[in-house]
Amino acid sequence: MASKVIHAYYDDDDVLMHAVKKVKAANHHIEEVYCPFPVHGLDKAMGLAPTRIAITSFMYGCLGLIVAIVMMNYIMITDWPQDIGGKPSFSYMENMPAFVPIMFEMTVFFAAHLMVITFYLRSRLWPFKKAENPDVRTTDDHFVMEIGIHDNEAALKELLSDTGAVEINSLEK
Amino acid sequence: MYTFSNRLKIGSIILMILGAIGLGIGFVSAPSTVEEAKEMVAAQDDGHGGGHEAAASEHGEEVAHDASHDEHVFHQLQNRPWSALYVAAFFFFMIALGVLAFYAVQRASQAGWSPMLFRVMEGITAYLVPGGIAVFVILVLSVLHMNHMFPWMDADVVAHDKLLQNKAGYLNPTFFLIRAAIFLGGWILYREYSRKFSLAQDEADDNSNFKKNFRISAAFLVFYLISESIMSWDWIMSVDPHWFSTLFGWYVFASMFVSGITVIAMVSIYLKSKGYLPDVNDSHIHDLAKFMFGISIFWTYLWFGQFMLIWYANIPEEVTYFVTRIEDYKLPFFGMVAMNFVFPLLLLMNSDYKRVNWFVIMAGIVILAGHYLDVFNMIMPATVGDQWYIGIPEIGGILFFAGLFIFWVFRTLTKAPLQPKRNPYIEESRQFHY
């Protein structure tokens, strides 16, 4: 990462999208874009890799299903196969319909919660975390594009001012 | 404009002819006397090691009971071609009705993605007329005692059955046919008017036809939910007149809804592959596949909701329904859960797969086969019991109605441009991407 960066400010998401495409076309690496709200298609324009969080969720769901099956099989069939109201506790399959609500809920529980935790870990979010926004306006009505400077400050600034930036600052990081 | 390709037309006519032959063989080979039925069962039992007769003689049952059993089997064997006809007729009719419900939902919710597919849906719902007539004729023939699919229609049976006597106020042939006529009339009326307004909207210079369509669609959905529920009691649940279930109407609805959506997707993909729907993109198919996925799970939810409640409480008057199915229909009964739930769940979960057209077609074929089995499992255990088999009459029924369905649907598709011109949402639908 460059030690000096440029922050280009925009006040419209359409202008920002065009700017991102233009900067990408000029082969500059965009370090980060700060937005007050999700801008549809920004990830594609920046060339970010698609998320794999749905895949982790599927695996967590499978894990939850296995946990439910193993738990109910051990408790209800293996450990103490008691006759409760005539339910057939001879094998797991015979009494399976009674376990399905648990199997379903455990699958959803694992899939949802572990996915959320994965999201927090991967995006480094936790309580008391120091906020990373470079300018408070990025949470309200401004967009900031951050680009590293590699001895090309003047050219970069010119390019960025062409893209409709309302403010361009360079700063040490 | 779409032109009905000759190959498809000839193919559908061949299907109808083959199906009619299959059904004819079924009717001809059904036994006409109790003796014939006994011979048929005996011939079958030889192959299976003679379980039936041996078990009966072992218990030393009375001769009178044997005779009534023979007659029972005779009726079951006689019912088989009728049931094969009825299951196939209802299955294809229910696809058209499911598409009609989906179409009305799209209209009433003013969905922005689907107007591009309205003509495809209207083409499929055109089958309501011939399909509805076929089902209605079968129901009339049942009332005329041509078959024994509906036990409560038989005055002798009702005379000895207190339960059926108490239900006679609802389950009587006249009222039954009047209800069927009202439902079919209402569905077809909505379909014809909606189609009329839809075509008129293309030529109009204001949106009044669109608004009329919105209003009648909302009204239709109210009528549909009530009539569909009662239709499922009448046409399906009443083959088991001693049994009742409250969520049955929803269950049948889910089955027809998912089959209908699947057929919309398959017909759209077919027409797209022939170049007739240039503005339908993978995102439209993706949305339909999402519906196929979601409603498949909804169907499973209702299937399991019905099964598990009855299994858990195990009240004898309700549970016989599932006892007969699990004993005599184990493979179709649980096989359809795999086909209608596990298969679409694993295949259509991935977002990328929903955009792969041949993948959607493949999943669609399994879903449709699964829902045919679903209707099969609803009707057959009551009408033919353990004498079921998916043989010539059943396949003949499927082929005949599949041929009729393809012929009628694609014939209707030739009658109007495949893409609406002047719908307020048509541009949004054209640009739709996900």
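Before you start, residues are numbered from 1 along each chain as its sequence is written, and chains are lettered from A and ligands numbered from 1 in the order in which they are written. In this predicted model, local features need pLDDT of at least 70 and side-chain atom pairs count only at pLDDT 80 or more, while totals for chains, interfaces and linings use all residues; side-chain values use heavy atoms, with hydrogens and water left out.

**Stop 1: chain A as a whole**

You will find five helices and four strands (helices are DSSP runs of H or I with at least four residues, strands are runs of E with at least two, and both are numbered from the N terminus). Followed from the N terminus, the order is β-α-β-α-α-α-β-α-β. Chain A is more spread out than a compact globule, because its radius of gyration is 26 Å, well over the 16 Å that the globule rule gives for 173 residues. (That radius is taken over C-alpha atoms, and the rule is 2.2 Å times the number of residues to the power 0.38.) Along the principal axes, the C-alpha atoms of chain A fill a box of roughly 80 × 30 × 30 Å. Of the 173 residues in chain A, 31% are buried. (Buried means under 20% relative accessible area, exposed means over 50%, and partly exposed is in between, with a 1.4 Å probe and protein chains only.)

**Stop 2: a negative patch on chain A**

Now select A:Asp11, A:Asp12, A:Asp14, A:Asp140 and A:Asp141, which form a negative surface patch. (Patch residues have over 30% relative accessible area and no salt bridge; like charges are joined within 9 Å, and nonpolar side chains, namely Val, Leu, Ile, Met, Phe, Trp and Tyr, within 5 Å. Accessible areas come from the Shrake-Rupley method with a 1.4 Å probe, and for residues only the protein chains shown count as cover. Asp and Glu count as negative and Lys and Arg as positive, with His and the chain ends not counted; a charge is placed at NZ of Lys, CZ of Arg, CG of Asp or CD of Glu.) Zoom in on A:Asp14, in helix α1 (residues 13–25) of chain A. A:Asp14 has 52% relative accessibility, so it counts as exposed.

**Stop 3: salt bridges in chain B**

Over all chains, the structure holds 18 salt bridges (a side-chain nitrogen of Lys or Arg within 4 Å of a carboxyl oxygen of Asp or Glu). Pick B:Glu394 and B:Arg80, whose side chains meet in one of them at 2.9 Å, N to O. The pair ties together parts that are 314 residues apart in sequence, because B:Glu394 lies in helix α16 (residues 392–413) of chain B and B:Arg80 in helix α4 (residues 63–108). Is B:Glu394 buried or exposed? With 0% relative accessibility, B:Glu394 is buried, and B:Arg80 counts as buried at 18%.

Next, select B:Asp240 and B:Arg325, a salt bridge of 3.4 Å, N to O. Here B:Asp240 sits in the loop between α10 (208–236) and α11 of chain B and B:Arg325 in helix α13 (residues 316–328), so the pair links parts 85 residues apart in sequence. Both B:Asp240 and B:Arg325 are buried.

**Stop 4: a buried helix**

Select residues 118–125 of chain B, helix α5. Eight of its eight residues are buried, so helix α5 is largely enclosed by the rest of the structure. Among them are B:Phe118, B:Met121 and B:Ile124.

**Stop 5**

Select B:Lys196, B:Lys211, B:Lys212 and B:Arg215 to see a positive surface patch. Helix α10 of chain B gives the most to this patch, with three residues, while B:Lys196 lies in helix α9 (residues 173–203).

Finally, select B:Ile10, B:Ile13, B:Ile14, B:Ile17, B:Leu18, B:Ile21, B:Ile25 and B:Ile392, a nonpolar surface patch with about 710 Å² of accessible area together. Which helix gives the most to the nonpolar patch? Helix α1 (residues 6–29) of chain B does, with seven residues. End on B:Ile14 in that helix, partly exposed with a relative accessible area of 45%.
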